[in-house]
Amino acid sequence: MKKLNLRSMAAQAIEKVVEQGQSLSNILPPLQQKVSDKDKALLQELCFGVLRTLSQQEWLINKLMSRPMTGKQRTIHYLIMVGFYQLLHTRIPPHAALAETVEGAVAIKRPQLKGLINGVLRQFQRQQEELVAEFNQSEQRFLHPEWLLKRLKKAYPQQWESIVDANNQRPPMWLRVNRIHHTRDEWLALLEHAEMSGFTHDAYPDAVCLASPAPVQALPGFDQGWVTVQDASAQGCITWLAPQNGERILDLCAAPGGKTTHILEAAPQAKVLAVDVDEQRLSRVYDNLKRLGLKAEVKQGDGRTPSQWCGDEQFDRILLDAPCSATGVIRRHPDIKWLRRDRDINELAQLQSEILDAVWPHLKSGGTLVYATCSVLPEENAQQIAAFLKRTPDAALHMTGTADVPGIQNLPGAEEGDGFFYAKLIKA
């Protein structure tokens, strides 16, 4: 493969996230296809790392440069951030980090700015200790936007700092063992035979966390569908849904299909309909079903208008993994911190409310609906369910929370699952 400058590629990707509001999940995979397998991980580390610590990088640039780069030179702003990140947070030898970052200016056709980049990074090296000490006393040290900090402080006055700290860590690698093929303990034995180790989760019977993250192809039976990468908290959806063979089950907002396939692993004879509004993301549902050798009916559709894709059909169980702020999975997707806006929360809560009201009539009497989000914000979670219960006389909360605070809220923890919310509702 042609030698590409990873630092300039990372800078351009980060610029698209911060300046254009694009998702790193969409930007990064096509870029990784252009580089060698060895470089894929480094490119990801640079992109994720800079976005995780973006407040710090911005603060340093403001300290070390008299004015910001603008217009066509704006990519250099992000290239300098990539340089700071390597010097501060990676084991890349400083001389190599410096040389490759400076060369990045050539790759983005700004060779005349090599001297500027070199000067700023060397100045940082000389003042690194004092600058880091000063940053650690600043308001930006939490590495979160101000609006989100404010909401977390209000919702979790005792826990907000631990939530923020967990968000700023690299995530653990959780797996879901396919119970059709092996029990969790049987697969753990295969993992140990492959000279890897992992530990289990008390609450989720299929969950294994790798002691050290590994490429999926190294996992025993990954290609045969024995195991899937899925966070522990996301696996809790199926624990609460408790799907049974023979039932007609709706997985709404289903893409990319992790929960669809988990339903079928738990109840292989269930008749599952997976629906998502995003036609492109539905291709990943098909991919996941194919790899695991499972079958479900898959449709594109809007959760607010179920009659358009299921007529007047009713379901035994419904899993509504509602569109949300994703504030519980920031450690997996650090760009969320910078893509979300404060005003989004009320808009998302309104959308969730509309989907709940629209899909409830499609649940059979005595049926179960599990409402789930990967958010930690009460407006999308406990407050959402409390309002729904108030306006829906035939809905009853079951085993998840109390009338005062409905639902169960998981918060992100160092070795625990992501931030996640569940409420189990039964139709009278």
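Analyst: Helices (H or I, at least four residues) and strands (E, at least two) are DSSP runs, numbered from the N terminus. In those terms, C374 sits in the loop that joins strand 9 (363-373) to helix 17 (382-391). The model is a predicted one, in which local features need pLDDT of at least 70, side-chain atom pairs count only at pLDDT 80 or more, and totals for chains, interfaces and linings use all residues. Residues are numbered from 1 along each chain as its sequence is written, and side-chain values use heavy atoms, with hydrogens and water left out.

The "active site" feature at C374 comes from UniProt, in an unreviewed entry; UniProt positions are given in the numbering used here, feature names are shortened, and annotations may be inferred rather than shown by experiment. C374 counts as buried because its relative accessibility is 18%, where buried means under 20% relative accessible area, exposed over 50%, and partly exposed in between (1.4 Å probe, protein chains only). With neighbours within four places in sequence left aside, C374 is in contact with C324, A326, T327, G328, V329, G419 and F420; contact means heavy atoms within 4.5 Å.

Another buried residue is Q32, which counts as such because its relative accessibility is 13%. Q32 belongs to helix 2 (residues 24-32) and, beyond its neighbours within four places in sequence, is in contact with K40, L43 and Q44. The C-alpha atoms of Q32 and M9 are separated by 9.6 Å, the two residues being 23 residues apart along the chain.

Helix 5 (residues 74-89) packs with helix 6 (residues 94-107) at an angle of about 170°, the axes being 9 Å apart. Axes are lines fitted to C-alpha atoms, for helices over the stretch in contact, and angles run from 0 to 180 degrees between N-to-C directions. Helix 5 and helix 6 are therefore roughly antiparallel, a label for angles over 145 degrees, with under 35 counting as roughly parallel, 65 to 115 as roughly perpendicular and the rest as oblique. From helix 5, I76, L79, G83, Q86 and L87 meet P94, A97, L98, T101, G104 and A105 of helix 6.

Lastly, four strands form an open antiparallel sheet in the order 2-3-1-4; two strands pair if DSSP finds at least two bridges between them. Strand 2 (198-200) and strand 4 (227-229) stand at the edges with a single partner strand each, so one side of each lacks a neighbour in the sheet.
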